[in-house]
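I opened the model and kept notes as I went. The entries follow in the order of my look-ups.

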Amino acid sequence: MSSGSVGDVIAVLRQILDDLDGAAVAATTAQKSAAAGTRHYQTATEGADSSHATAARTQASEAAAKSGKIARLIAEAAAEISHYANHIAPGSVPTRTSATGGMLSGEALAKPSHKKGSLAAKALGRVGQVRSSDDGLQHFGKLGGILQDAAKGSGGTAVSKTPDFSFQPTHQPSASVGDALLAALAVAIVGAKGVELMSRMRRRTRNDDTKEKG
Amino acid sequence: MEEETKFLRALLRQDWETYDSFTEKFQSEGKGTPVAIIGYSFFVAVQRRFAENKDAREIIRFVADARARLLEGRELPAKEGEALIYAMLDMDMPGVEEIVEDLNVGVMAEIQGQLLFRLVEDAELTDEQLDELLLEAEALLHENHPVE
């Protein structure tokens, strides 16, 4: 059995993510090509009452749908791996959006608007009607608490611009990759629990402080 | 700029002094979470970041990254976070409509707020650029929901 550190595991996961990226791009390209093919078939065979023409349209349409589904499934798989890697070692998988991470400039962007009856319109319609929720500011307070806790945890700013790739190995040097995975997972679970408990304690302390002040 | 928008601005800029001051004021006035301006600001920020490509892969990675960078990543549920972005982009992904409909507006604002913070941070907006985004959201809100 080969031996390796948690860092090795993360390196393997990153390689898998890179491979999945490539596969997703290929599937997305296939989906776009098949969708374009469908439109061409439709144009070319418009009015044609031929079983061959119908079959061509159907198959191109099916190819577009299936390759689109493959692209989605690959993206979901990549997300799961990304979640897992960041669970083992928070921040270990960098954002892949750095090249496109910035928002578009105003010039490059048409004014955003949403169509009536669209998903966006429905969601925005609900919040637009109520303006403010009748929650005594509970949700906004929680939101503030989350960001404040994150700021404390990362030394003053809620999040660092550059993901911190360093982490402490949680295993013996001679442990195998499998052992390292199990150990890292166990620590990650305990760590997550710990974070939750700490967070509750912080919130309770804050609430107590608020009560005392009030 | 309206008070609700200024309140959101303080949160996004991590100006806790102003945030605390608005919290006190809103609580004394019995006002709740300003879900509308959070929702519309989120809409504008999502359009700016993702509208050009509408790439599900990029959205999934963005949410995963946002979760990883928050101590309490579990307060930011991945499925709901992704669904809210898909909805803002009108991307017809499986289950999106149901997931968004099942969220109450307060929880929706919590998730949108965390993602909005990440979007603003990633874009490295200056104070002026953030104001411009928030004012655009405010204008859209008024346009779609005029106060009678």
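In which hand does α1(B) pass α8(B)? I find a right-handed crossing. (A crossing is left-handed if the near helix is turned anticlockwise from the far one by less than a right angle, and right-handed if clockwise.)

**Ground rules.** I am reading a predicted model, in which local features need pLDDT of at least 70, side-chain atom pairs count only at pLDDT 80 or more, and totals for chains, interfaces and linings use all residues. Residues are numbered from 1 along each chain as its sequence is written, while chains are lettered from A and ligands numbered from 1 in the order in which they are written.

**Chain B, α1 and α8.** I noted the geometry next. Helix α1 (residues 3-12) of chain B and α8(B) have axes that come within 11 Å and cross at roughly 145 degrees. (Axes are lines fitted to C-alpha atoms, for helices over the stretch in contact, and angles run from 0 to 180 degrees between N-to-C directions. Helices are DSSP runs of H or I, at least four residues, and strands are runs of E, at least two, numbered from the N terminus.) From α1(B), the contact uses Thr5(B), Leu8(B), Arg9(B) and Leu12(B); from α8(B), it uses Leu130(B), Leu134(B) and Glu138(B). (Two residues are in contact if their C-beta atoms, placed from the backbone, lie within 7 Å.) I sorted the residues of this contact by class: four nonpolar, one polar and two charged. (Ala, Val, Leu, Ile, Met, Phe, Trp, Tyr, Cys and Pro count as nonpolar, Asp, Glu, Lys and Arg as charged, and the others, Gly among them, as polar.)

I then looked up Leu135(B). It is found in helix α8 (residues 127-144) of chain B. (Buried takes 20 or more other C-beta atoms within 10 Å, exposed 12 or fewer, and partly exposed lies in between; C-beta atoms are placed from the backbone.)

**Chain B, α4 and α5.** The axes of α4 (residues 56-69) and α5 (residues 78-88) of chain B come within 10 Å and cross at roughly 135 degrees. That angle makes α4(B) oblique to α5(B). (Under 35 degrees is roughly parallel, over 145 roughly antiparallel, 65 to 115 roughly perpendicular, and the rest oblique.) The crossing of α4(B) past α5(B) is right-handed. On the α4(B) side I listed Ile59(B), Ile60(B), Val63(B), Ala64(B) and Arg67(B); on the α5(B) side, Ala78(B), Gly81(B), Glu82(B), Ile85(B) and Tyr86(B). The contact has seven nonpolar residues, one polar and two charged.

**Positive phi.** I checked two loop residues. Arg131(A) lies in the loop between α3 and α4 of chain A. Its phi is near 65 degrees, a positive value in a residue other than glycine. Arg131(A) counts as partly exposed, because it has 17 C-beta neighbours inside 10 Å. Glu124(B) sits in the loop between α7 (105-123) and α8 of chain B. Its phi is near 50 degrees, again positive in a residue other than glycine. With 11 other C-beta atoms within 10 Å, Glu124(B) is exposed.

**Chain A overall.** I counted five helices and zero strands. Buried residues make up 27% of the 214 residues in chain A. Of the contacts in chain A with a separation of 6 or more, 67% join residues 24 or more positions apart.

**Interface.** How many residues of chain A are in contact with chain B? I get 56 residues of chain A against 58 of chain B. On the chain A side, α2 (51-88), α3 (119-130), α4 (138-153) and α5 (177-213) each supply at least two residues. α4(A) gives the most, with 14 residues. By class, this side has 26 nonpolar, 21 polar and nine charged residues.

**Confidence.** The model scores ipTM 0.89 and pTM 0.56. Chain B averages a pLDDT of 92, and 98% of its residues score at least 70. (pLDDT is the predictor's confidence in each residue, from 0 to 100.) Chain A averages 64, with 55% of its residues at 70 or above. Within chain A, confidence is lowest in α5(A), at a mean of 45, and highest in α3(A), at 90. Residues 95-102 of chain A stay under 50, as I noted from the pLDDT. Residues 159-202 of chain A are also below 50. Where pLDDT is low, the predicted coordinates should not be read in detail.
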